[in-house]
Amino acid sequence: MIETAPGASMGYDFVSRMFAPAVGINEDPVTGAAHCVLAPYWAGRLGKRSLKARQISARGGDVGCIVDGDRVILSGTAALYMQGQINI
């Protein structure tokens, strides 16, 4: 479930939270996939294609969103949480 609201009072175009307890994710800190859904919605409501978003979970994070036709380009800072190697 994705919750969203206008974020102008906090300096953002929109804010959001993302919950998926049925698959073991009580709250996702920052969700790129959710912003790919939310950006076109808010772009249409606000009449702009470049948006500044904030996921307001406990950790939280800022996500830049550009709606480019049928694509959404995301930008922001990522946190490395896993590293691995695949041997073929």
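Reply: Let's begin with a definition: Ala, Val, Leu, Ile, Met, Phe, Trp, Tyr, Cys and Pro count as nonpolar, Asp, Glu, Lys and Arg as charged, and the others, Gly among them, as polar. This is a predicted model, where local features need pLDDT of at least 70 and side-chain atom pairs count only at pLDDT 80 or more, while totals for chains, interfaces and linings use all residues. Residues are numbered from 1 along each chain as its sequence is written, and side-chain values use heavy atoms, with hydrogens and water left out.

Now to the pocket (on a 1 Å grid over the protein atoms alone, an open set of points where a 1.4 Å probe fits, with protein on both sides within 12 Å along at least five of seven lines; lining residues have an atom within 4 Å of a point). The largest pocket holds about 310 Å³ of space, a volume being the space filled by probe spheres set on the grid points, which are joined across faces, edges and corners. Its lining has 14 residues, and Val-30, Asp-62, Val-63, Thr-77 and Ala-78 are the closest to the centre. By type, the lining has five nonpolar, seven polar and two charged residues. Strand β5 (61-68) and strand β6 (71-75) each supply at least two lining residues, and β5 gives the most, with three. Strands here are DSSP runs (E, at least two residues), numbered from the N terminus.

Terms used. Helix = DSSP H or I, 4+ residues; strand = E, 2+ residues; numbered from the N terminus.
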